[in-house]
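Let's take a friendly walk through this structure, starting with its domains and ending inside its cores. Keep the 3D view open as you read.

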Amino acid sequence: MAVLLLADVVAGALATDQVAKALTAVKSLGPVTVLVAGPDAAAAAAEAATLSGVAKVLLAEDAAYAHGLSEPTAALVVSLAGDYEHIVAASGALSKSVLPRVAALLDVMVISEVLAVHDATTFDRPIYAGNAIQTVKTSDAKKVLTIRTATFDAAGEGGAAPVETVSASVDGSLSSWVEDRVASSDRPELTSAGIVVSGGRGVGSQADFALIEKLADKLNAAVGASRAAVDSGYAPNDWQVGQTGKVVAPELYVAVGISGAIQHLAGMKDSKVIVAINKDEEAPIFQVADYGLVADLFSAVPEMIEKL
Amino acid sequence: MKVLVPVKRVIDYNVKVRVKADGSGVDLANVKMSMNPFDEIAVEEAIRLKEKGVATEVVVVSIGVKQAQETLRNALAMGADRAILIEAASDVHTDIEPLAVAKLLAAVVREEAPGLVLCGKQAIDNDMNATGQMLAALLGWSQGTFASEVAIEGDHAKVTREVDGGLQTITVRMPTIITVDLRLNEPRYASLPNIMKAKAKPLATRTPADYGVDVSPRLSVVKTVEPAGRKAGVKVGSVDELIAKLKDEAGVL
């Protein structure tokens, strides 16, 4: 049976890495149709069509779908749902808002943060902040899933899927967009970066967080933060790595001044190599680190920056 | 304006979670239970709206086992006015799914006619992150998810949301469902006099049958296991050693 994959489009650009990883996760479920919605989304649709494993791309080019507003986007997905057994998306702010709404409109349960697809009805997902992994089997005819993409390889290019235009009449009066406050950065994107350098409460202040950023820039890495660092105002919310933030699995994860609360570990423990720098040798982060350095970050990090 | 706040009784966030050896789930017998932390933030926001004169009454509702009364009393002690318990399970290990919870809440909304529902964005037990969005869908209402700032402005609410790239501000038409994120506020502690006063506040008990809602699960749990652990690696003695290991041994630099 067929799969409908809702793509995230940010400012007209396809979230290619997320879509490509979700494609890999669901390819065993059937031919995948990617839905690209938004104003000026034709380029994003054309890009989706080049991904290997895409059978078809549906393009819904309408201002109503701008900025990922949940209500019109969910209505669009529901209007297309009839042809598909699985409705999926990479887990993120868009899918977490839209897909539960879609599921309720279809009178089915949503299955969020899927880690593994066993068969058409059976999926693994984390519960209790990643302290347990549950295998669930659904009895619903339609399955609505968000995919935790961190551990899936991205599908390659080389596809040439047809792009079809679709439209739906949607009520745009429920919500409207006011503004985005998005820090622009030349750094790699957190969820797809090969190296991530994260700072925690141990960094001590927003000013000192610049040290973390400097190390990240030296390594051409993305910057992450623990919840404690974000709550303390040292780092913006979109840098948060953890169960309620972003889930990452880079080649190298460098945790600086992070104690290693379970909520944080849930967001980074699938990283290939983990480095921990912390002055407290009892910090739980050392229990998951491949390489631990017990040291004051304010001397170790500048030394690293100098010697790298 | 009446504000409705659903609250869930979950394992206390400080308790170490233990997976049962037979793979049937997480052991909740004789474990400290508390209000879901995200729901506490929702209760706090509702009380602040009442203190500002925006809300007139704060009604809290919980769906689950009888012991969820304690969670509701806690919300009443924080400052909510009235509570509704929908007893939908007799075993603490029975988790009522978000779809069924949303259907029950939709029935409560039709009865109570609140102008705003404030929900936690997710419960820390099943981590599903779905109930608020599902409720909005069933009612045909707008939704503002993952809120870090909320302002009620007449027939609209301005919601600042924590999204992937930073913050997004939207306006949603009232009545609406807002799901709250961690940084919206710092919930207060209930004072002893307020805990005493809460005992006298009204708490109604209902059942799913009263609302004609079927709470049978759509998902069956095949098994629950502990995640694959990571082994601790080695401690290095210096920055030089660390860089050398990353270059030569791990090959990631």
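Predicted model: local features only at pLDDT ≥ 70, side-chain atom pairs only at ≥ 80, totals over all residues.

## Two domains in chain A

Chain A is divided by the domain assignment into domain 1, covering 3-165, and domain 2, covering 195-307. The domains of chain A do touch: seven residues of domain 1 are in contact with eight residues of domain 2. On the domain 1 side of that contact, three residues are nonpolar, three are polar and one is charged.

The UniProt record, an unreviewed entry, places the feature "domain: Electron transfer flavoprotein alpha/beta-subunit N-terminal" at residues 3-181 of chain A. Over that stretch the chain is 24% helix and 35% strand, with its end C-alpha atoms 33 Å apart.

## A helix wrapped by its surroundings

Have a look at helix α1 of chain A, residues 16-26. Eight of its 11 residues are buried, so the helix is largely enclosed by the rest of the structure. The buried residues of α1(A) are A:Q18, A:V19, A:A20, A:K21, A:A22, A:L23, A:A25 and A:V26.

Beyond its neighbours within four places in sequence, A:V19 is in contact with A:L5, A:A7, A:L14, A:V34, A:A48, A:L51 and A:A90.

## A strand with partners

Strand β6 of chain A, residues 86-90, has five of its five residues buried, so it is largely enclosed by the rest of the structure. In a regular strand, side chains alternate between the two faces of the sheet. Here A:H86, A:V88 and A:A90 lie on one side of β6(A), A:I87 and A:A89 lie on the other, and all are buried.

Which strands pair with β6(A)? Strand β1 of chain A, residues 3-6, runs parallel to β6(A) and is joined to it by three bridges, with A:V3 opposite A:H86. Strand β11 of chain A, residues 143-147, is also parallel to β6(A), pairing over five bridges, and here A:A90 stands opposite A:I147.

In soluble globular proteins, nonpolar side chains tend to be buried together. The largest nonpolar core in this model has 133 residues, and A:L5, A:V19 and A:V36 have the most contacts inside it. Helix α3 of chain B, residues 98-112, gives the most to this core, with eight residues.

A second, separate core holds 65 residues, among them A:V241, A:V275, A:F286 and B:V10.

How values were computed: Residues numbered from 1 in each chain as written. Chains lettered and ligands numbered in written order. Domains from an automatic or database assignment. Contact = placed C-beta atoms within 7 Å. Nonpolar A, V, L, I, M, F, W, Y, C, P; charged D, E, K, R; others polar. Buried ≥ 20, exposed ≤ 12 C-beta atoms within 10 Å, placed from the backbone. Helix = DSSP H or I, 4+ residues; strand = E, 2+ residues; numbered from the N terminus. UniProt positions renumbered as here; feature names shortened; annotations may be inferred. Core = buried A, V, L, I, M, F, W, Y, C linked by C-beta atoms within 7 Å. Pairing = 2+ DSSP bridges.
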